[in-house]
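Me: I would like to go through this protein step by step. Please show me the sequence and the structure before I ask anything.

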Amino acid sequence: MTFNQTCLFGQIDDLQDLALIERPIRRSLTTAEEIEKLTVDEGLNDIERAVYLLSSGQDVQRASVVVNLPNLVRQNPAETFRRVVPKVREVLHVAGVEMQLAAAASFLTILQDELILIQTHTHSILQIILLNLYHRDAAVVSTAWLETLLSAIDVLPKETIRQEILNPLVPKAQLSQSLQSRLASCRVLGKVAGKFESHIVKKDVLPLVRSLCQDVEYEVRSCMCRQLECIAKGIGAEHTKAVILPELVELARDEGSSVRLAAFDTIVNLLEMFDNDDRTCIVFPLVKTFCEKCFKADEAVLASLTFQYGKVCHGLSGSFTEDQHVWFLEFYKKLCVLGLQHENGHSETYSLELEKKYESVRKNCAYNFPAMVLFAEPKNFLSELYPTFSSLCHDPEIAVRRTTANGFHEVIKLLGSSVHLIQKELIALLQDDSLEVLDALMDNLPEILELVTSKGEGAGSESKQVNVPDLIPALNAAEQKAATSLKWRIHEKLLQKYSCLPRVISSDQIYFRFLQRMFTIITTNNVLPVQRQSARTLCVFLRYNRKQEQRQEVINKLVDQLGQGRSYWNRLRFLDICEIVIELFSKSYFCKYFLVPALELVNDPVANVRFKLCNMLPKLKSVIKLPTDKHLLQQLEFCVRKLLCREKDKDVMAIVRKTVLELDKMDITEPYQKRHEKDQLDQKKEKEENLLVEMEQLEKQQTEGKSSSEKLGKEVKKSKLSRSRSLSCNPSPPKLSAAEKSLKSTSSTSPVTSKSSLQHISDDLLRSHHFSVASTSTAPSASVPVLIRSNTVGNGNKDTRKINIRSKRTNP
């Protein structure tokens, strides 16, 4: 058999297999009899059709009627409740889970519709809800109807709740009823307590509450205990102390761990309702005993306890003695290292289940750490909580470190001028092996970096400065880790957060350590959102760079290697950068450096580039200011004519025609007020850009003045030394020459004056604004200036050598 014959027989076999598969598919198609059953007379109105389908239709048709029930009620409430709702009630007796859930949702919608809340209709609906409340499928169906009932209580009048819900509830809460019935009664009692006055709650609700708190089943006691908070708020503080607190004390000593935990949570939530004596004499011993018992024998409850621990400490702190305060703080420290090592200092092996519980405990401790800093007072952080915080930042479990990173900014706020104490921990989290930890830290990174580099809120002269040069390598390492991972969204998020760097470090540090990296990402990364975010961050760095020479180098590189690059992908990114520059910079700045290179892409050989340029033409025209930029407008019009005459790609040609219409309407359609606002915004941007140039000139003058002063000072010193050698044994005080007097005057006043002038400009004109240009990656406010660090502050080194950004970047 030849190769071709083999292939032919193989294809025949495949066709036979397909035929075998096809036959059962054909047999499974809907038959004519089934189609007949699903067919409904078109002459029936909506009500008649619903009745017919509920009586004789298929399950899918009945379900559709139940789902559509709210619409029927809105259209014809009287007929719907007279004819359709009774049929629905009959169907629900034998309905499956899906129809039961659909009915529960539909009746809740009807009850929440204020237009049809008629007493008779409400009665019929509540009867159906209560009838199905105790369905045999307690896990799904009963829960759905219970949630419907609880939601309905929010919109029902008091009298209806009392007659239709509370009165029938009394027999259902008795011990003789099923567990499901008593559990539902607990939930309903907690809900209705907030609807009535306190005397009604005491009369009608409290007797049932006490009975259910003493139920023989621990599930009922636990469920009722969790409703005591709502009931306490319904009867007030006085009756809570007399009635609810004794029940909670008894439930806190219950044999069931879930009951004890429910009692603990409720006590914590009701702390503000107890007076100081109750907290000191009743609540504190109870909570302390509960904590000790959980620590020794009940790890499952301990995880829930630690979640509420910060709230407990703050709620009771006003009633603590010094010893009690110390006890709670020390107990928290034990919880933070639970499972890491044994009490005697040796490592211990735990089961996997126990390790997970201990991990939850430490995670909750990390969540509560900012609250515990307040509890211990920030001034005591170093002596009391620093080792604990360091342990949480280096915990072996990712979830613990991630939670610590989430609350890091809160800890920094509380420490104020002592933020330098946790610089090592910040660097450790930035260099963490897990991207989840880095992602959690990124959420508040701009705030963290600003507080760290500004020595914290309310920092005084005695505060210590964080070592910024040590922080920069950690930021670089974090970006490299995100870049090498497959989680590009984290990388994009990190790049967006890095746009805050002009607020916290100097222009030179950004230029030498970050700017080239942004350019590399634009040209080498394969993920478009990452490229675009890197482009935006680079433009922010360019916007607030304080050296004209560096700015010019960056612009030249963008034009040469992107706008005129060999890869069309780079040329597309250049157009993205042009859009960002239009947002961030003034019109004149864009026209000076970017408009002409952008228009030159009209000759690009790739249609996608020309297509994108055509889409941008209205934006490009909007930056041209007449009459000063009349020549630029002529160039733009020439580009449009060239596209109309020479363009061969049909998609580009279509967008060109559309764009031409937009260009013609631009000056007509835009309201005057909007144009005026844009002009004011542009003037503000231009003023800020000019301010950067002026500040650079002032810094140069200050540096040159300082250099000349030092040079002149050396000459004077030599002059004095030679004169002193020629004087006799008893020389008279020398008189200052005119040059020396001038030098003394200059050295004592000129630098200070220059520095104060620079400081005045920097503080008054820049620091008065808020930095928000890089806080969002979608549509930032382009005109708001940044608090730019001086090139001479926090630079870490005094190397002023020039770097060529076109050369290949080496790791410093």
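Reply: Contact means heavy atoms within 4.5 Å. This is a predicted model, where local features need pLDDT of at least 70, side-chain atom pairs count only at pLDDT 80 or more, and totals for chains, interfaces and linings use all residues. Residues are numbered from 1 along each chain as its sequence is written, and side-chain values use heavy atoms, with hydrogens and water left out.

Me: Among contacts in the protein chain between residues at least 6 apart in sequence, what percentage join residues at least 24 apart?

Reply: The count takes in contacts between residues at least 6 apart in sequence. Of these contacts, the share joining residues at least 24 apart is 72%.

Me: How many helices and strands does the protein chain have?

Reply: Helices (H or I, at least four residues) and strands (E, at least two) are DSSP runs, numbered from the N terminus. For the protein chain this gives 0 strands and 42 helices.

Me: Is E238 buried or exposed?

Reply: E238 lies in helix α15, residues 237-252. Buried means under 20% relative accessible area, exposed over 50%, and partly exposed in between, using a 1.4 Å probe and protein chains only. The relative accessible area of E238 is 66%, so E238 is exposed.

Me: Which residues touch the most other members of the largest nonpolar core?

Reply: A nonpolar core is a set of buried Ala, Val, Leu, Ile, Met, Phe, Trp, Tyr and Cys residues joined through side-chain atoms within 4.5 Å. The largest one has 222 residues, and those touching the most other members are L430 and F594. Helix α35 (residues 568-584) gives the most to this core, with 9 residues. Beyond its neighbours within four places in sequence, L430 has contacts that include L438, M442 and L475, and the two residues asked for are L430 and F594.

Me: How do α22 and α23 pack, roughly parallel or roughly antiparallel?

Reply: Axes are lines fitted to C-alpha atoms, for helices over the stretch in contact, and angles run from 0 to 180 degrees between N-to-C directions. Helix α22 (residues 369-376) and helix α23 (residues 381-393) have axes 10 Å apart, at an angle of about 170 degrees. Angles under 35 degrees count as roughly parallel, over 145 as roughly antiparallel, 65 to 115 as roughly perpendicular and the rest as oblique. Therefore α22 is, relative to α23, roughly antiparallel.

Me: Which residues in α23 do F369, M372, V373 and A376 in α22 meet?

Reply: These four residues are the α22 side of the contact. On the α23 side are F381, L385, T388, F389 and L392.
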